[in-house]
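Subject: Handing over the model

Hello,

Here is the structure I promised you, ready to open in your viewer. My notes on what turned up in it follow below.

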Amino acid sequence: MKKIAVIGAGTAGLASAIRLKALGYDVTIFEKNEKIGGRMYQIKEQGFTFDVGPTIVMMPSLYEEVFKISGVDPKDYIDMQRVDPMFEVFFRDQTKLTATNDLVQMTLDNEKISEEDAQGYMAYLADVYKRYLVAKKYFIDRTFRKPIDFYNPKMLYKALQLKTLSSAYRSISKFVKNEKLRQSLAFQTLYIGVSPYNGPSIYTIIPMIELLYGVWYIKGGMYSMAKAMERRFIEMGGKILLNQNVESFEIKHKEIQGIKVNGRHVDGFDAYLSNADFPWAMNNLIHDKKSKGKYTPKKINKMLYSSSSFLLYIGTDKKYKTNLHSIFFAQDFNGNIDDLFEGNIPKDPSFYVYSPSQVDDTMAPESKEVLYVLVPVPNLNDSGEVWTDEQIESYKQKVLDLLSTKEQFKDIKEHIEVLKMYTPNDFKTNFNLQFGATFGLRPTLLQSNYFRPQNKFKYLKNLYFAGSSNHPGAGVPIVLNSAKLAVSEIDKDLK
Ligand SMILES: Cc1cc2nc3c(=O)[nH]c(=O)nc-3n(C[C@H](O)[C@H](O)[C@H](O)COP(=O)(O)OP(=O)(O)OC[C@H]3O[C@@H](n4cnc5c(N)ncnc54)[C@H](O)[C@@H]3O)c2cc1C
């Protein structure tokens, strides 16, 4: 039986491991942390349960697929429910928009803005759905090994059909006129750390996916998905080794012959699948210059990175009336986005609040609430290493001040029982994310599809990658796909 080492028990690491096991490989995961999950991490404190990173479940079929392909019923592993309304968006002038995928409600709500915008909204959905089908078939669901896989007339024509040269905001503005409606369809590019004003317009597929496929919640929070994958992998006979820091790849004749783990040499594997963030792995796991190929330290530093996140995880001693997902826009959203991507810590940020205890009473003690507050901030390359203890404390106060200006949270400061934080520094050190960029390499046109680091590493015979900074990109469903593609590449070579 061929043996595979997986470095990292993040979403893509676990999903890859299950897929490899299902194909009959002997699989061992080496995870540096004491717990699995990677960014899909969890903090438990005084009866409160906090998801650390991902919270919004989209494309549930990709979650389910990981269990289905291993021969079990996903329902026995993850308990998913549809969320409707999906989220609320609050503007500074006290108005709000409610996002629903109830077509009747959606039409009535949009008609209140204008019939023209209601029509434009539908036209936007139809246009993006068409582009999504092209993206899925020709780009998201396939790998690119050789230049000819991309540079051929058919693929170039399909790339043109994506119409991705414009920005998300500009592309939406062609269909809807109302500024608030535009913003409510544009901000979602921040889910993958790109600007709605500059990122490729194809990322307008994110709100389309929310609207057409729904937003879901997994009982117990997102971490339940990581735990369910861990459970399935162990049931299948897989091995997970925790607190195992992979320090380097030992390379000879263009091949990895072993790995250094916690100072000792480990070998005997036919292939190595890295779930460690690609740019970090290039700089830290491959030491000899030749084996890095074009990914030299200079190139890695010059690549563009997604934004990062500053998070407060708050447990309160009372209940709050809020939605599962709420977005609060800055007064000047455009200025806020400029700050974010020009490396300035936003002074008046937009932010997102997730309150799983609204729908799941296992997340907080009775009559108490969990509030997860996410503020997008620049990555450490763009901002510099700014997060000193004093700066963290002062930004925490700023975010709490801002939160308490919202009607539903006006007394928040008097009711905090537990408060934990995550800053870009934590993302950098806890999960080895280059520059603390929470969504990995930024998916610009020149860092997407064929141009994104591929699942099969070109410069070494037996190295593969699955994760946010690799093809096809960031976000839980997309890294689940990255796992699928990486495993198909391994199987192609080892079969
Ligand atoms: C704040 C935040 C909010 C988000 N919100 C959403 C959301 O709502 N919905 C959504 O779909 N996505 C969301 N995402 C994105 C999503 O979380 C990620 O795209 C996904 O979880 C990344 O998974 P991964 O497997 O690529 O990497 P990771 O989760 O980072 O896993 C990599 C693993 O490798 C381990 N590792 C690294 N180096 C080594 C080493 N040398 N030795 C051993 N182990 C190592 C790490 O410890 C980690 O466990 C969010 C992310 C963040 C941070």
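A polar contact, as I use the term here, is a pair of N or O atoms within 3.5 Å; within protein, one of them must be able to donate a hydrogen and the other to accept it. Please keep in mind that this is a predicted model.

The buried ones are Leu181, Arg182, Gln183, Ser184, Leu185 and Ala186.

On to the overall layout. The chain is divided into domain 1 (3–80 + 220–303 + 440–494), domain 2 (102–213) and domain 3 (305–431). Between the C-alpha centres of domain 2 and domain 3 the distance is 27 Å. Across that pair, 10 residues of domain 2 are in contact with nine residues of domain 3.

In total, 39 residues surround the ligand, and the closest are Glu31, Arg39, Ile56, Asn275 and Val476. By class, the shell is made up of 18 nonpolar, 18 polar and three charged residues. Several elements supply at least two shell residues each: helix 1 (11–22), strand 15 (308–316), strand 18 (369–377), helix 16 (424–431) and helix 17.

- Val476: a polar backbone atom is 2.8 Å from an oxygen atom of the ligand.
- Lys32: a polar backbone atom is 3.1 Å from a nitrogen atom of the ligand.
- Thr11: a polar backbone atom is 3.2 Å from an oxygen atom of the ligand.

On its own the ligand has 1000 Å² of accessible area, and the protein covers 97% of this.

Next, some backbone geometry. Most residues other than glycine have a negative phi, and most peptide bonds are trans. Here are the exceptions I noted. Asp84 and Pro85 are joined by a cis peptide bond, with omega at about 0°; Pro85 sits in the loop between strand 6 (80–83) and strand 7 (87–90). Another cis bond runs from His471 to Pro472, where omega is near 0°, and Pro472 belongs to the loop between strand 20 (463–465) and helix 17 (476–494).

Gln46 is not a glycine, yet its phi is positive, near 45°. This residue is in the loop between strand 3 (42–45) and strand 4 (48–51), and at 52% relative accessibility Gln46 counts as exposed. Lys254 has a positive phi of about 60°, again without being a glycine. Its loop runs between strand 11 (246–252) and strand 12 (255–261), and Lys254 counts as exposed at 59% relative accessibility.

Finally, a few loop residues. Both Thr444 and Gln434 are found in the loop between helix 16 and strand 20. Buried or exposed, what is Gln434? At 9% relative accessibility, Gln434 counts as buried. Leaving aside its neighbours within four places in sequence, Gln434 is in contact with Asp277, Pro279, Trp280, Asn283, Ile300, Asn301 and Tyr305. Thr444 is buried too, with a relative accessible area of 18%. Apart from neighbours within four places in sequence, Thr444 is in contact with Pro200 and Leu304.

Leu165, by contrast, counts as exposed, at 75% relative accessibility. You will find Leu165 in the loop between helix 6 (153–161) and helix 7 (168–173). From Leu165 to Val128 the C-alpha distance is 14 Å, and the two are 37 residues apart in sequence.

Best wishes

Conventions. Residues are numbered from 1 along each chain as its sequence is written. This is a predicted model: local features need pLDDT of at least 70, side-chain atom pairs count only at pLDDT 80 or more; totals for chains, interfaces and linings use all residues. Side-chain values use heavy atoms; hydrogens and water are left out. Helices (H or I, at least four residues) and strands (E, at least two) are DSSP runs, numbered from the N terminus. Buried means under 20% relative accessible area, exposed over 50%, partly exposed in between (1.4 Å probe, protein chains only). A residue is near a molecule or strand if one of its heavy atoms lies within 4 Å of it. A polar contact is a pair of N or O atoms within 3.5 Å; within protein, one must be able to donate a hydrogen and the other to accept it, and residues adjacent in sequence count only if both atoms are side-chain atoms. Accessible areas come from the Shrake-Rupley method with a 1.4 Å probe; for residues, only the protein chains shown count as cover. Ala, Val, Leu, Ile, Met, Phe, Trp, Tyr, Cys and Pro count as nonpolar, Asp, Glu, Lys and Arg as charged, and the others, Gly among them, as polar. Domain bounds come from an automatic or database domain assignment. Contact means heavy atoms within 4.5 Å.
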